Amino acid sequence: MGFREVCSSVVTNRGDLSVRVLNPRGVTVARWEAKGVQILPCEERGISRMMMWSRRIRFASGFLSALIIVVLALGAVSCRGSYPAQQGEKLPEWPQQNITLIVPFNPGGGYDITARIVAPFLEKYLPKRANVVVKNVPGAGGKIGVMELFNSKPDGHTLGVISPVALAPMQLTGELGSKDIRDLVWFGQLDWAPPLVAAGAKSQFKDPVKMKGQDVRFACTSATVFPTLVVAEALGARPKVILYDGTGEAAMAVMRGDADVISLLWTSLIKQVEASEGKLVPLFVAASKRVQQLPQVPSAKELGFNVEESVTGATHMIAGPPGMSGDLVTVVAGVVEKATNDSEFKDQMEKAGYPAVPMAKEEAQQFTQQVLQTTEKYKHLLEAASK
Amino acid sequence: MWLEGFREAFSQGNILWLVLGTAWGMVVGVLPALGSSFGVALMVSFTFAMDPVAALIFLCAIHAACVYGDSVTSILINVPGSVATVASAWDGYPMAEKGLGGRALGIAAIATLIGASVSWVSLILLAKPITKFAMMIGGPEYFALGVMALSLVSVAAKGETIKGLIMALCGLALSCIGEDPVTGVNYRFSFGVRALEAGIPIVIAVLGTFAVSQVLTLLEQGGSIAKVAKVQDSPLRGVVEVFRRPLTVARATVVGWYVGMLPALGMSLAGITSYLVEKNYSRERDSFGKASPAGLLAAEVGKGACAVGDLIPTFTLGVPGSVTGAILMAALVIHGVQPGPRFLLSGVMPYTVFAGLLLGLVLSAAILLFGGKWLSSIVYLPNAILAPTVVVLCFLGAYAQRNYTADIIAMVSFGVLSYLVKRVNYSAVCMILGLILGPIIEANFHRSLGISFGAYSIFLTRPIAAVVFVITGLFLGWEYLKGTVFRLRYRSAPYQRSKVAEHRTRNDPGEIPLLLFLATVMTAFLWSGRAYSPRVRLFPTLVCIFALALIGYRMTWLILEVGKAWRFALPGSLAKGVPEPVSGRLPWVWTVGLMLGYLVLVYVLGFILASAVFLLVTGLLAGYRRKGVMVLLSIGIVACVWGFARFVHLLLPIGAIFR
């Protein structure tokens, strides 16, 4: 504690060999004698409350300034340490620390599950040993996490599992500010699956052709609003979007008859169809081809509907922040390619209900471009959706 | 189903969480002034990475154990562990003074267990028929249930309906921040702050309201409790006392269960009501208040019955029965389980949770019965250590949910707001209620209109929804009846009546700045709401207009009715407003300043180092003398927190200098 102000008023009694410490008011605070130190209790010292506080403030400020010095020193040391490495050799030293895999959604969803499946396979093919740690940064439809990815250091230690299909509408409605998803480095795709469209057993729309020109109630979650509107436009229906919090709830609303139709990633909707005991009737797969695992369900194209599958299908891709150096991009892309083509990885994805569809870096970059262009065609739907 | 539920609850992982929850609940319960809402709120955020079943068992065990732990302080040091055990102190403490502390603890353990078990049986009996309707519950029904839950505000605010409504409306307005539940693509009321576009998670608000504001209070009180009654006799004797009074047990159980069953946030009333009823009917009524075992027994049985009875509406209807119920409901939502009738349909899970709850109750009773003596030593823990540790856990919890640093700022703001709000006798609980119910009401309102293609008649043509609306109407009417009934009751307990009267008439000049602040916030919401389409802005606009109207009414009333009285009351109140800096106590402004400093340190140094520094500085500033011990303690606590974070797989913020 603040001894400085009492040190100035040390008084020595030559006669009896005792030293006294006085506070500025002249009251004895402590007394040294031959036996040892005896400090008087606070009340006897007569220190006012104000004094106590002023000492505390001094103590705290001293502590803080010491801390700031330590922090600055450490900062200077770490800066100096990292400088020569950047200017040094040509081949990037990667990874130098753990790699963070940003997932802009809550644990348990498709993004999180696929990221957690791929993480150990990325670790397996890294040139140097490091951990790949999944970091969930959910909120605002994935926007917060994506912005964190955009703003992270382009040193290859921060990657993300995101989807251009979900981000393109955000970019076109100005939600991403001045950011452009084409600036991100798209390293490759983990999985892709088209939606399945199903109707309730009680609904009058069990034949998709009948939807033309009719008011049709679509059960959606906030992530499926835009793809659902695209499907509805292809069907020529007048969609009434009813929003639900989760896919299970949305499917149940259709079973109950509160909504007519649901359009959802086939891998999750087929489970609901199987559990519904006939209350959910699968109509078609919103893509140009049938899905291998559902041979009996026709594709949209067979029924004569032209659905843009690049903006209705669900995908999860690995991306990095803008501004990564060319060499680093090549190294990372190689790791991602090996990891996503690993047969064990494909097995695990299949089991989790996210069939792996690997895609190389160039293809992924092109796909993003294409998604953005196609989404632009549906800008009128984006405006309608926000009202 | 039941067998499976118990088997699942007994599985290795779950039993571990059960024991951990019970241990934590006991500690929190025994600490004075920290109740089960605090214990559960602090832990909700750590359950994200856990399996939902384990998480719910953990949280239910905390709730169960807290309820028992609360009694310890009431009996041994005459400080109620939480509002639920106010009545336990009336006879419990005199017993402890007479040297019958052990017997009193024994009575508390067994009585709470009996009351809780009876309620538990009624919970499972009621749950079964309700599942029949579960599939029929859709948008309109949930809307009706949400409105019903909101009508509880008049009860939650303890007779000050208008204050409660103002806070609830503010909660509703705050719940509109973030992704809108109407179209799903607008991010409302962010006021340019990106983190706000993601909304305010209930957990953050709950942590701020129940934990941070409690820390501010703890540090302002300072010190620890000195006078603890000695436990001399065996708690097992209490068991005999309980079984000698079956009639008391029966009466108190019915009263406690009834109070808890009503979705009325009634934990605080259960113990007192059971006690007062028993005082009217018991043969031993003359000895009440003078170390009568019957009085303690009644209060404890009522409390136990209510603690579980509370959960009945929470789990079966999705209408919170108490503050803890509301937090448990939030936990369900977080783990992706729809609260309410749908919860009972989610496979073995509800049965496992109920089984876990019962096991937690039995385990806690056993702990209290055999270890009550040693548990009481926890109350010696000084606030100078307790409070900063809680802050560290709060920070960890706030960050854990979404890995945002901004959430910590939001949590501290909620803490400060609810602390200030409490000082002028407003109910922060109502705000939380509004925050939880806002999305349920708004989303289901628009869902219903979507289902009916825009026809409002849907709310009356769906039978279940219509019935719930009628019940809500009756419930609101019954509130007035209950008011008169209770007024009669209070006549027989003059102490309580004067308490209530004092509570009602006290006005604080701090209310005016608070109302002005809230009015500003509401106006800002109203103003920024203009940008959205009519459907998207409908609900927030209505809420803000109502809130502004009520605030205006309250302000006018305050100025007209009590303006004169204040002129005399002002100097005293002002003195209360600025607490003197006494050694070992920290005024709330200081604590908030320390927390903000901690936040900066977290950013610079990372979580672990910053926590150690914060613990050390706050502990010493709050008057903990032994520096060496404090250094060791802060290192030890931080090591525990680090181990805990590893155990539940949390990412900790890394300091800017290490990146």
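Predicted model: local features only at pLDDT ≥ 70, side-chain atom pairs only at ≥ 80, totals over all residues.
**Entry 1: the interface of chain A and chain B**

I began with the contact between the two chains. I found 45 residues of chain A in contact with 53 residues of chain B. The area buried between them comes to about 4,200 Å², and carbon and sulfur atoms give 63% of that area.

The rule finds 4 salt bridges across it. I looked at the pair D245(A) and R447(B), whose side chains meet in a salt bridge at 3.5 Å, N to O.

Which elements of chain A supply at least two residues each to the side that touches chain B? I listed α3 (49-87), β6 (132-136), α5 (143-150), β10 (215-221), β11 (238-244) and α8 (247-256). The largest share, 11 residues, comes from α3(A). I sorted this side of chain A by class and got 23 nonpolar, 7 polar and 15 charged residues.

**Entry 2: α9 and α19 of chain B**

Next I took a helix pair in chain B. Helix α9 spans residues 202-221 and helix α19 spans residues 428-451. Their axes come within 10 Å and cross at roughly 175 degrees. An angle over 145 degrees counts as roughly antiparallel, so α9(B) and α19(B) are roughly antiparallel to each other. From α9(B), I noted I202(B), A205(B), V206(B), T209(B) and F210(B) in the contact. From α19(B), the contact is made by A428(B), V429(B), I432(B), L435(B) and I436(B). I sorted the residues of this contact into 9 nonpolar, 1 polar and no charged.

**Entry 3: α4 and α12 of chain A**

Helix α4 (residues 110-125) and helix α12 (residues 343-352) pack at about 170 degrees, with their axes 10 Å apart. That angle makes α4(A) roughly antiparallel to α12(A). On the α4(A) side I listed I113(A), T114(A), I117(A), V118(A), F121(A) and K124(A). These meet E344(A), F345(A), Q348(A), M349(A) and A352(A) in α12(A). The residues of this contact divide into 7 nonpolar, 2 polar and 2 charged.

**Entry 4: a salt bridge in α4(A)**

I stayed with α4 of chain A and checked R116(A). R116(A) forms a salt bridge with D112(A), and the closest N and O atoms are 2.9 Å apart. Both residues lie in helix α4 of chain A, 4 residues apart, about one turn of the helix. Over all chains, I noted a count of 26 salt bridges by this rule.

**Entry 5: backbone geometry**

Most residues other than glycine have a negative phi, and most peptide bonds are trans. I looked up one exception to each. Where does the cis peptide bond at P95(A) lie? The bond joins W94(A) and P95(A), with omega about -5 degrees. P95(A) lies in the loop between α3 and β5 (99-103) of chain A. N425(B) is found in the loop between α18 (406-423) and α19 of chain B.

Conventions. Residues numbered from 1 in each chain as written. Chains lettered and ligands numbered in written order. Heavy atoms only, no water. Axes fitted to C-alpha atoms, helices over the stretch in contact; angles between N-to-C directions. Parallel < 35°, antiparallel > 145°, perpendicular 65-115°, else oblique. Contact = heavy atoms within 4.5 Å. Nonpolar A, V, L, I, M, F, W, Y, C, P; charged D, E, K, R; others polar. Buried area = accessible area lost by both parts, 1.4 Å probe.
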